[in-house]
Amino acid sequence: MATTIEPIRKPKIQQTECFIGGKWIPAASGKTFATINPATEEVIAQVAEGDAADVDLAVQAARNALENGPWGTMDARDRGALIHKLADLLTEEFDELAALESLDNGKPISEAKAADLPLVIDCLHYYAGWADKIHGKTIPVRGPYFTYTRREPVGVAGQIIPWNFPMLMVAWKWGPALAAGCTIVMKPAEQTPLTCLRMARLAQKAGIPDGVINVVPGYGPTAGAAVVAHPGVDKIAFTGEHRTAQIIMREAAETMKRCTFELGGKSPNIVFADADLDAAVAGAHLGLYLNQGQCCCAGSRVFVEGKIHDKFVQKLVDMNSGRKLGNPLDPETQQGPQVDKAQFDKIMHYIELGKKEGAKCVSGGKRHGTKGYFIEPTLFDGVKDHMSIANDEIFGPVMSVLRFDDVDEIVDRANNTMYGLAAAVWTRDIGKAHHIAAKVKAGTVWINCYDVFDAAAPFGGFKMSGMGRELGEKALDNYLEEKTVTVAMS
Ligand code: NAI
Ligand code: MG
């Protein structure tokens, strides 16, 4: 624990325009939109509201940088060095970036410093290391031929990201795209454009050539849709809601864009009676309440074995009552506001629905304070599989506890969801843990832990939780085309 209280730090707002071809320019329409501080509901800054015209300029800049600029012919190791340099510049501005992220998104600055930024920096270093390790194969074919494959950048990557981990989503998208040699048109979330724009500034300072990274802030149905529709974009990488992904997939079919999707979840967190109880309670608490519950992999269905149910719920209630809500820029704060009014309203609606459907609200359940989009850490006990709160992604600080007594049923109950992003199991029985890990339909399974992320470990969803994998070596494939070359040898 720190012995001195850090002062509350106000970050500077520097970049608010579109970043296209290395230049900061207002939207062609002249329009702007407000990005707000969700803790105070006050406007932080007006940001350029890009649309199809700006996206078109950005795609031209990205295409030009790919085909005519130094990027396309740069030695792979030098490309890697530039990504390392970007990570180094982020490290230099660590405190400032954490404060800016906290201001725009509402996440506690302690979390931005302990989780978001270290993961961002690590992710970029990880992919920097891959830049010169992407290579094809020589393949023994029949006849007097020599066949080899080349792995080439897919081209201009259109990247559309959400607001829950603004900088981390930038790193997950830019890292593999840059390592693969692609150029980028990014559309950050309208709720949280500021840190993405600051990262673009740092990318330029790092020496990444102009036009390689372009950022067009704006709304989904205008700027986002324009990225998806543009024939000059070769690939779409999207993170967000599955309904948005469905719209994108249909639209992308027109131009046969390669698509990868990282979507939502309703992840089961299964706690057996033989688990280390305190570790499981802490893991369930973190797995749901982290980032105000705004995590795609949130452990929102906590299945607890009957024998320990009452004790477990009591410990969860106690943890919730000790949770510190308040100004996200205060280093002592553990929970900030939800990102905006729309999310706040959606979550409050589900809390009411949970009560109406007969679940027992044993902790929280109300707005916190009168200003800002704060919601108390909320816990529903006695949740049944059919209830809305056990099926829909709430994306807020609302945990559902579901009791189980029949161990043979638990896998089916855990899999009884359209999603399949993550799952966790808590037990001291190693055989049982691996059995569940094999049977559960989810892209990530944590055993006796939760929310353990690493840039080297692939992440993504089964079923409606997505398509393709981010992170790890796997994510490079998203940004590469494979070319087969055959040479006659006689
Ligand atoms: P969203 O899917 O609408 O937004 C994500 C991104 O897509 C934003 O940049 C948005 O501007 C863009 N977008 C929206 N419509 C688009 C379109 N037609 N074409 C192209 N781009 C478009 O998600 P939203 O509305 O912010 O949140 C709604 C719900 O989605 C949340 O309550 C949560 O349940 C889920 N969600 C899941 C996330 C995850 O990490 N899996 C992240 C954010 C939201
Ligand atoms: Mg939306």
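What follows is a chat about a predicted model, its ligand, its strands and its salt bridges.

User: Hi! Before we start, what kind of model is this?

Analyst: Hi! This is a predicted model. Happy to walk through it with you.

User: Let's go to the ligand. Which residues come nearest to ligand 1?

Analyst: Trp163, Lys187, Glu190, Lys346 and Glu393 come nearest, out of 26 residues around ligand 1.

User: And which N or O atoms lie by its oxygen atoms?

Analyst: Ile161 has a backbone N or O atom 2.8 Å from an oxygen atom of ligand 1. Thr244 uses its side chain instead, with an N or O atom 2.8 Å from a ligand oxygen.

User: How much of ligand 1 does the protein cover?

Analyst: The protein covers 90% of the accessible area of ligand 1, which is 830 Å² when the ligand is on its own.

User: You mentioned Lys187. Where does Lys187 sit, and is it buried or exposed?

Analyst: Lys187 is in strand E8, which spans residues 183-187. On one side of E8 you find Thr183, Val185 and Lys187, on the other Ile184 and Met186, and all of these are buried.

User: Why call E8 largely enclosed?

Analyst: Five of the five residues of E8 are buried, so the strand is largely enclosed by the rest of the structure.

User: Which strand pairs with E8, and in what sense?

Analyst: Strand E7, residues 156-160, pairs with E8 in the parallel sense over five bridges. Within that pairing, Ala157 stands opposite Ile184.

User: What about E7 and E10, how many bridges join them?

Analyst: Four bridges join E7 to E10, and the two run parallel. Ala157 turns up here too, opposite Lys235 in E10.

User: Is E10 mostly covered or open?

Analyst: E10, residues 235-239, is mostly covered, with five of its five residues buried. One face carries Lys235, Ala237 and Thr239, the other Ile236 and Phe238, and both faces are covered.

User: Switching topic. What's the strand order in the open sheet of three strands?

Analyst: The order is E5-E6-E20, with antiparallel pairing. E5 and E20 (480-488) stand at the edges with a single partner strand each, so one side of each has no neighbour in the sheet.

User: How many bridges hold E5 and E6 together?

Analyst: E5 pairs with E6, residues 145-153, over two bridges in the antiparallel sense. Ile139 stands opposite Thr147 of E6.

User: Ile139, is that one buried or partly exposed?

Analyst: Ile139, in strand E5 (residues 138-139), counts as partly exposed because its relative accessibility is 35%. Together with Val141 and Tyr145, Ile139 forms a nonpolar patch on the surface, with about 240 Å² of accessible area in total.

User: Now salt bridges. How many are there?

Analyst: The count comes to 25 salt bridges. One of them joins Glu96 and Arg198, whose closest N and O atoms are 3.6 Å apart. That pair links distant parts of the chain, with Glu96 in helix H3 (residues 94-105) and Arg198 in helix H6 (residues 194-206), 102 residues apart.

User: Are Glu96 and Arg198 buried or exposed?

Analyst: Both Glu96 and Arg198 are buried.

User: What about Arg150, who does it bridge to?

Analyst: Arg150 meets Glu152 in a salt bridge of 2.7 Å, N to O. Arg150 counts as partly exposed, at 41% relative accessibility.

User: Last one: which residues are linked in a network of salt bridges?

Analyst: Arg63, Glu67 and Asp234 are linked that way.

Technical notes:
Residues numbered from 1 in each chain as written. Chains lettered and ligands numbered in written order. Predicted model: local features only at pLDDT ≥ 70, side-chain atom pairs only at ≥ 80, totals over all residues. Heavy atoms only, no water. Patch = residues over 30% accessible without salt bridge, like charges linked within 9 Å, V, L, I, M, F, W, Y side chains within 5 Å. Areas by Shrake-Rupley, 256 points an atom, 1.4 Å probe, with all protein chains shown as cover. Salt bridge = Lys/Arg side-chain N within 4 Å of Asp/Glu carboxyl O. Buried < 20%, exposed > 50% of the residue type's maximum accessible area, 1.4 Å probe, protein only. Near = heavy atom within 4 Å. Polar contact = N/O pair within 3.5 Å; in protein donor to acceptor, adjacent residues only side chain to side chain. Pairing = 2+ DSSP bridges.
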